[in-house]
Amino acid sequence: MRLSTVILPSRRWHEGGREEWVRAERLGFHAAYTYDHLSWRTFRDGPWFGAVPTLTAAAAATERLRLGTLVTSPNFRHPVTLAKELISLDDISGGRITLGIGAGGTGFDATALGQEPWTPRERADRLAEFVPLLDRLLTEDVVSHRGTFYSAEEARNIPGCVQRPRLPFAVAATGPRGLKLAARYGQAWVTTGDPKLFETGTPEQSVEAIRGQAEKLEKACVDIGRDVRELDKILLTGFTPDRPLESFDAFVDFAGRHFELGFTEIVIHAPIADSVFAADQAVFERIATEGLSQLGG
């Protein structure tokens with residue numbers, strides 16, 4: 001199992017932002033991700049910076065740390081422009097970028113460009129076209145495509161990614177269509193658990209719900225003749241009834257339960273005071289440096 005972190009793009013780069021990414025590398029995290037939103041929930045009226053410029057700066061400030069998004073969505077992205085940015089990011093970082101990608105939701109991103117929010121079916125329809133086109137754009141020198149939602153006309157992406165055949169996709173999905181995309185195009189699968197259990201469920205119910213999601217992923221892989229063990233399984237914490245950052249022991253118990261479910265990577269949020277991600281910095285750093293050793297990781 002690997003341990004990674006999420007650093008929200010909510011601090012000015014020269015007022016603590018850079019130090020967060022450098023510290024993540026120093027603490028030994030496998031990867032550091034950031035949210036790819038225009039704004040997000042309770043952070044809407046405060047500082048919030050763009051994911052791609054932030055990751056570009058992080059790539060220049062670090063040497064070994066993997067970097068990526070958790071997650072990018074079609075809500076305000078287009079495959080052609082996103083592909084160009086990703087290829088550039090992969091080059092600048094020396095091949096350290098992972099793209100977390102999902103269908104998006106009904107938050108501020110859904111209406112910031114002036115459109116009506118898409119229904120769940122519309123979001124699934126768009127993702128089903130977005131991911132295959134992005135896959136082509138990152139692996140072929142020249143791409144033309146006429147789709148229902150997205151088109152490309154001789155879009156050129158030379159020289160392509162440093163990582164071959166392209167940078168990895170970590171597909172966030174719990175529904176059948178998204179899981180099929182993860183099975184076919186993903187190098188990893190991402191879940192945050194069952195959102196219905198966040199406020200009123202129990203940790204035991206959450207584990208069973210996630211177990212059910214993993215079983216559906218396995219079925220989606222079997223259906224196309226792929227071994228589910230080829231995919232990393234990433235759990236983004238902070239959205240289940242558990243409180244893994246409450247103490248070191250709480251994290252070890254949490255990680256152990258999910259290690260048994262086959263997860264290969266757990267992602268914890270870097271603490272942000274006076275927010276939903278408030279946590280003790282000393283506990284966070286001890287988890288980073290010692291947490292997986294308790295699992296034999």
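Against which helices and strands do the buried residues of helix 5 pack? They pack against helix 4, strand 7 (169-172), strand 8 (188-191) and helix 6. Here, contact means heavy atoms within 4.5 Å, and buried means under 20% relative accessible area, exposed over 50% and partly exposed in between, with a 1.4 Å probe and protein chains only. Helices (H or I, at least four residues) and strands (E, at least two) are DSSP runs, numbered from the N terminus.

The model is predicted: local features need pLDDT of at least 70, side-chain atom pairs count only at pLDDT 80 or more, and totals for chains, interfaces and linings use all residues. Residues are numbered from 1 along each chain as its sequence is written, and side-chain values use heavy atoms, with hydrogens and water left out.

The buried residues of helix 5 are Gly178, Leu179, Leu181, Ala182, Ala183 and Tyr185. Helix 5 (176-185) also takes part in the second largest pocket, where helix 5 and helix 6 each supply at least two lining residues. On a 1 Å grid over the protein atoms alone, a pocket is an open set of points with protein on both sides within 12 Å along at least five of seven lines, a cavity is a set of points where a 1.4 Å probe fits but cannot get out, and lining residues have an atom within 4 Å of a point. Grid points are joined across faces, edges and corners, and a volume is the space filled by probe spheres set on the points. The second largest pocket has a volume of about 150 Å³. Its lining consists of Pro176, Leu179, Lys180, Ala183, Arg184, Lys216, Lys219, Ala220, Asp223 and Ile224. Helix 5 gives the largest share, five residues. By class, five lining residues are nonpolar, none is polar and five are charged; Ala, Val, Leu, Ile, Met, Phe, Trp, Tyr, Cys and Pro count as nonpolar, Asp, Glu, Lys and Arg as charged, and the others, Gly among them, as polar.

Two cavities of 30 Å³ or more are found in a search of the whole structure. The largest cavity holds about 50 Å³ of space. Thr5, Ile7, Glu20, Arg23, Ala24, Leu27, Phe29, Ala270 and Phe284 line the largest cavity, and helix 1 (residues 17-26) gives the largest share of this lining, three residues. Six of the lining residues are nonpolar, one is polar and two are charged. The second largest cavity holds about 30 Å³ and is lined by Asp36, Ala51, Val52, Thr69, Thr72, Arg77, Leu82, Leu86 and Leu99. Two or more of these residues come from each of helix 2 (51-61), strand 3 (66-72) and helix 3 (79-93).

A nonpolar core is a set of buried Ala, Val, Leu, Ile, Met, Phe, Trp, Tyr and Cys residues joined through side-chain atoms within 4.5 Å. The largest such core has 67 residues, and those with the most contacts inside it are Phe29, Leu134, Leu138, Phe169, Trp189, Phe251 and Ile268. Helix 4 (residues 120-139) gives the most to this core, with seven residues. Another core, of 19 residues, lies apart from it and includes Trp40, Phe43, Leu70 and Val71. Beyond four places in sequence, the residues that Trp189 touches include Leu179, Ala182, Leu217 and Phe263.

Phe251 is also one of the buried residues of helix 7, together with Phe248, Val252, Phe254, Ala255, Gly256 and His258. The cover over these residues includes strand 1 (2-6), helix 6 (203-223), strand 9 (232-236), strand 10 (265-269) and helix 8 (281-290). Leu236 lies in strand 9 and counts as buried because its relative accessibility is 6%. The C-alpha atoms of Leu236 and Thr5 are separated by 8.8 Å, although the two residues are 231 residues apart along the chain.

Some backbone angles remain to be described. Most residues other than glycine have a negative phi, and most peptide bonds are trans. A cis peptide bond joins Leu70 and Val71, with omega about -10°; Val71 lies in strand 3. The bond from Ile158 to Pro159 is also cis, with omega near 20°. Arg41, which is not a glycine, has a positive phi of about 40° and is exposed, with a relative accessible area of 53%. Asp274 has a positive phi near 55° and is exposed at a relative accessible area of 83%.
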